[in-house]
Every structure is written in C-alpha cells, then in structure tokens.
Amino acid sequence: MTWLVWRQYRLQFFLGAALLAAFAVLIVITGVQAADQWHAAQACVASHGCQNLFLGNHAVGFLVISTLGAPVLVGLFWGAPLVAAESEAGTTHFAWMQSVTRRHWLTVKVGWMLLAAAIWGAVISALVTWWSGPDNALQLDAFKTGRFDIMGIVPVAYSLFALALGIAAGALVRRVLPAMAITLAGFIAVRAVIAIWLRHHYLSPVTAYYSVTSAFTPKGAYWALASGVLFPNGQPIDQNSNGNVLDGIPVTYLPASCNQTQRGPFAPPPSCTQALAHFRGFLTYQPADRYWTFQGIESGIFLVLAAALIAVTAVTLLRRDA
Amino acid sequence: MTWLVWRQHRIQYLIGAALLATFAVMIVITGEQVSHQFHTVQGCVAGHGCRDLGGLFMGSKVVGFLVIATLGTPVLVGLFWGAPLVAAEAEAGTTQFAWMQSVTRKRWLMVKIGWMLLAAAIWGGVISALVTWWASPTNAEQLNQFDPGRFDIMGLVPVGYSLFAVALGVMAGALLRRTLPALAITLAGFIAVRVVITLWLRSHYMSAVTTTASVLSGSTPKGAYWQLASGVLSPNGQPLPQADNTPYFDGIPQTSLPGACSVMNGPNAPNNPPSACVQALSHYHAYLTYQPADRFWAFQGIETGIFVVLAAAFIAVTAVTLLRRDA
C-alpha cells in the first residue's frame, strides 16, 4: 500500500518538495542579510533614532506574508482529490475489490498525507519564524493577528486541518472541483472566525490602568485588544470624537490652559497637568508571555477539527456501498 | 449552444452570483457607515487635530480584511471557471461527443469562451465597483490608492485581471487536458505574472518625476502620488547612504552635522533646531522620485491593456491548440 501511495502521489510530493526547496533558498539568503542589518542597526534601535528601518527584502517580505495561504494549498491539491479523484474516475470500484480492505486503504493513504502535510507546514513555519526573528525583536508584533498565524506551531495544525477538510469534502461530495471550492471557502471561513472572534478569548485578557500623564507599555510583544481613556467618574471617553484631543481627552473637557499646540514637544502648565491627573488611561491586552500558550490552544483546536473531519471521512467511506 | 453553456455552467454562475450578492450587501452596509464617519471627522482631519489618524480606521475591520482579500478574487474565476472549461470535458471524454455534433469545434469554443469572458468581466467589474466606492473615504484620508496593493483592487484593473485569469485557466486546461494540473498552473501563473508586473514593471509605465527641495522646507506632491524613492543629497549632490545604523536628523546622519544638531535627537528636543544647525541643514537637499497622482487612470489603462493583451494571446493559443488537435 505504501508503495501504491508513493506511485500515485510522487508527482505531487516532488512538486511540494521543489516549492519548499525554492522557498528555503530565498528565505535563507535574505534572512542572513536581515540578521546582518539587524546587528548593524543595534545602536540606533537602542536610541530609537532609526528611520524607516526595514529588514530584509520587500519581495521576500511579501512572500512571507503570503505563507498565510500555504496551508490551504495542501488541502486543495492533496486533500480534495484524495478520494474524490478516484471516485470520479471510478478507480475506487477497483481499489476496494482488492485484498486490501477499505479501512487499510484509507488508513495508509490518509496517514501518509497527514505526515506530508505536517512536514509542509513545519518546514514553512520554521523558515518564516527564523526569518522574522530580527523583525519580531524590532517591532514586537509576533502576537498580532496575521503574524501569530505564520509562525510557531500553528501552521502545522492549519495544514493538517486543511488536508482533513479537503479529504472530507472529497469523500462527501465525490467530485474534485466542488470539493476544492468547499475546501477553500471552509478553510478561509474557519480561520477568519477563529482569528477574529475566538482567539482573544482563549485566556481572559489583562487590563491595566495608568495616569494619562505617564505612559504605560507592557513589556515584550504583547497583544493590545483595547485601549482608551476614562473620565474621572470611570466612564470611557468616546474615541470616535471629532474634535481636538490631548492625551486622548477632547480638549473641551479640559481647562483652557491645555488648549495649546498639539505639535512638537509640549509640557502642559500646572493647571492643565492637575486636570489631566483625574483622567486614567486603560489598556486591555494579552501579555507577551502567553504567546506559546495561545499557540498551543490554537493548534489544539485545529487538530481536534482535523481529527473530527477524518472521522467523518472514515464513517462515510466505510459505510458507503462500493 | 448558449443554452448548452447555461446548462453546463449554471451552478458555477449561480454560486458566483450568490457570492457577489453577499459581498455587495456587506460592502453597502459598512460603506454607508464609513461615509457617515468620514463626514463627522472632516473637522479634525482638516485641522490635523485627530488624536491618532493612523488609528482612525474607517469601517468594519472584518470588511476591511475582505476588501484586501479581493486581491485574490480574479484568480478564483480562473481556477473554477477557466481551468475546467476544456480540461474537465477532455478528462471525462465528453469532448469526443461534443465535437461530433453538427456544431463545429470553432463555434463550440467561441460560444463557451465568449460567455465565460463576459461572466469574468462582470465578476471583476462588480467587485471592483463595490471596492472602489467603499474605499473612497479611506483614499481621501490616506491618499494611498496609487500604492501597490490598493491600485490592484480598484478601478479598471480587476476586470483585466479576471479576463487574464480565465484565459490562463482555459489555456492551461486545453494544453494539459487535466483539471488538477491546470488548476495548479493557473494559480502559480497568475501569482507569478501579477507579482512580476506589480513589483518590477508597473513603476516604469511612464518615466517618474523627481523633485528636490531643501530639507528645511520639504515638499509633498499633491494628491495620492506613488512614492518610488526618496532620500537626501549631500551638498556636493551625492545621495547620502540610508544605512540606518546611526542616528539621523532630517534624513542626514548626525555625524555629518555640527554638534548643535545633536539636541534634536535627544529627549528634550526643542521645536526648532538651533541656528547653527539650520545653517548646516540648508546645504542639504531632499529628493523624491514619484509618479504624480494625475497619472492614476493612465496607469490603470496601461495595466489593464497589458492583461487584456495577455488574455487575448492565451485565447489564441487555446484556439490554435484545440482546432488543430485530432478529436
């Protein structure tokens, strides 16, 4: 059976391996440049005097962002045709009449595919994580939506999920093109819903309050969820205000001594500072040290979804009359 | 033949129409909110007094994400309408049957491709019209519709991209006669052509304009210009290296300036540099290479033309391949 899987899919595996190799060459070459630049720039980073410091190459930076879409490729081109292409061509009739049981046929095929998908996701993620190391250290944005999704262990889970979704869609619909369309739409929908609405609820966020006259920044690459300013009575100030503001407070709520130029360094007079001291800023965020917990939770969710989809496939195929 | 095309592809057309309708509803609802927001903030935009203009995001974040994602919508018609057009029939063997009928092969191809191209143009046109309308307050505020990534989802070019994607899919399917490889080639080819043209060719459609001005005054072209390069020229006219590893002031490394300028990078920088510093700065000129804002539609036209010509070439290759092939 393993030999059969290899014969059937060697072209797809070679293509995947060639893409990975080409990506690795680009990443390693530009990543070494970025690391050099980063070392050279340490001095001005420390003094915040760098202007427009971009590390690495723009075209490869674009490629790195586009690895957001890499997991769904295995779902489309490896997963969806796995059962559907054989159903369409009628070769399942032949395959399931052999001495190999249908369960064994499915287990071996799905098993090798899952292994290949995990390698695909892991190699891409390892390269991207390494490449983005200096960028993360500079921008402290590894936890942000869109960056979180292309680094660490989540790309492996996304790849397994995409593959399982493709296989399940192919087994249920039995036609390749509709299965691919469902895989693409389903992957985007599940990823968007989880990234936008679910992820920030994995652990309850931390809210910090501080005086608006002093600044507050949590350490490391934290994930800011909400921020704003509270009135002295504790009500949040509407941030969609359309007037002039100072330290996040509309100047209409402040004494006239605060109403000076907003440009350049401005040390408010004491009467203004006193009024400002009654306002408190707040920042709701996920601390930087929760990064790997969030990676683990997100990966777990996608692995469970992948397992459920594989189970659906197995039930569908093992119960279906050949 | 038209009836046959409708029967064969009605599910694809209906799914496409349903997606467009859903997208239109979301865009219209959030677009109304955006333009309302934009009118309320006119005051602080004009006075540059908004707390944090970068943070002033107009419209729903989810729909904003969807709008950026329309970068990928043209390739969908190439994948799901274009690639299977010939390849699926070749795989199933139905071309054998279709080409034996009283309808000639040329007519079969012309009617099928004609309707597909029309559908692709509608797909690209409707999406682009919605996105262009939705993004107009953001464009007015950020002046960025000429930047790569924004230019690509507005105006005419999405129609050109959609026609190109369908033609690429049809040709790949006709050459390979298998759907899956044709899909993979359509996806890879679309991304490759788009990236090469966007990153390396587009900036050369017309020769760029370069202006120089004293670093003290600065100059910003009006409207949504597309910045290609910028930097500072030393007093002898050489561009200064932008190596980024020393402190800079007005784009000039502090090491090239008198000590009087160094307070400007300190924690308690005054509003205006000391006069010794101003005098040193006045010898430096800033340059800006850009495409002016009023070339936006010329660039849209050129880019659309390139993709339409590519699409026509692909259709010609398809026709030659299919009409010469033995059934």
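The model is predicted.

Start in chain B with helix H6 (residues 157-176) and helix H9 (residues 296-324). Their axes lie 8 Å apart, and the packing angle is about 20 degrees. H6(B) and H9(B) are therefore roughly parallel to each other. Their crossing is left-handed.

Now step back to the domains of chain B. Domain 1 takes in 2-204 + 293-324, while domain 2 covers 209-290. How do the two domains touch? In chain B, 8 residues of domain 1 are in contact with 6 residues of domain 2. On the domain 1 side of chain B that touches domain 2, 3 residues are nonpolar, 4 are polar and 1 is charged.

Chain B also holds an open sheet. It has 3 strands in the order E1-E5-E2, with antiparallel pairing. Strand E1 (209-214) and strand E2 (226-233) of chain B are the edge strands, and each pairs on one side only. From one strand to the next, the twist averages 20 degrees. Look at E2(B) beside strand E5 (residues 285-291) of chain B: 7 bridges join these antiparallel strands. One pair to find in the model is B:Ser230 and its bridge partner in E5(B), B:Leu288.

Turn to chain A. Contact between them involves 8 residues of domain 1 of chain A and 6 residues of domain 2 of chain A. The side of domain 1 of chain A that touches domain 2 has 4 nonpolar, 2 polar and 2 charged residues.

The sheet of chain A comes next. Its 3 strands form an open sheet, ordered E1-E5-E2, and the pairing is antiparallel. The edges are strand E1 (206-211) and strand E2 (223-230) of chain A, each pairing on one side only. The twist averages 20 degrees from strand to strand.

Follow the pairings of E5(A) in turn. E1(A) and E5(A) pair in the antiparallel sense over 6 bridges. Here A:Val206 has A:Tyr285 in E5(A) as its bridge partner. E2(A) is joined to strand E5 (residues 280-286) of chain A by 7 bridges, and these two strands run antiparallel. A:Gly228 has A:Phe282 in E5(A) as its bridge partner. A:Ala224 stands opposite A:Tyr285 in E5(A).

The last stop is helix H3 of chain A. What describes a packed pair of helices? The angle between the axes and the distance between the axes do. Helix H3 (residues 70-89) of chain A packs against helix H8 (residues 176-198) of chain A at about 150 degrees, with the axes 8 Å apart. That angle makes H3(A) roughly antiparallel to H8(A). H3(A) and H8(A) cross in the right-handed sense. From H3(A), the contact includes A:Val72, A:Gly75, A:Leu76 and A:Gly79. From H8(A), it includes A:Val176, A:Ala179, A:Met180 and A:Phe187. By class, the residues of this contact of H3(A) with H8(A) are 11 nonpolar, 3 polar and 1 charged.

H3(A) also meets helix H5 (residues 102-131) of chain A. The axes of H3(A) and H5(A) come within 10 Å and cross at roughly 165 degrees. H3(A) and H5(A) are therefore roughly antiparallel to each other. H3(A) passes H5(A) in a right-handed crossing. Which residues meet here? A:Ala70, A:Pro71, A:Val74, A:Trp78 and A:Leu82 come from H3(A). Among their counterparts in H5(A) are A:Lys109, A:Met113, A:Trp120 and A:Ile124. The contact of H3(A) with H5(A) has 10 nonpolar, 1 polar and 1 charged residues.

Technical notes. Residues are numbered from 1 along each chain as its sequence is written. Chains are lettered from A and ligands numbered from 1 in the order in which they are written. This is a predicted model: local features need pLDDT of at least 70, side-chain atom pairs count only at pLDDT 80 or more; totals for chains, interfaces and linings use all residues. Two residues are in contact if their C-beta atoms, placed from the backbone, lie within 7 Å. Ala, Val, Leu, Ile, Met, Phe, Trp, Tyr, Cys and Pro count as nonpolar, Asp, Glu, Lys and Arg as charged, and the others, Gly among them, as polar. Two strands pair if DSSP finds at least two bridges between them. Helices (H or I, at least four residues) and strands (E, at least two) are DSSP runs, numbered from the N terminus. Axes are lines fitted to C-alpha atoms, for helices over the stretch in contact, and angles run from 0 to 180 degrees between N-to-C directions. Angles under 35 degrees count as roughly parallel, over 145 as roughly antiparallel, 65 to 115 as roughly perpendicular and the rest as oblique. A crossing is left-handed if the near helix is turned anticlockwise from the far one by less than a right angle, and right-handed if clockwise. Domain bounds come from an automatic or database domain assignment.
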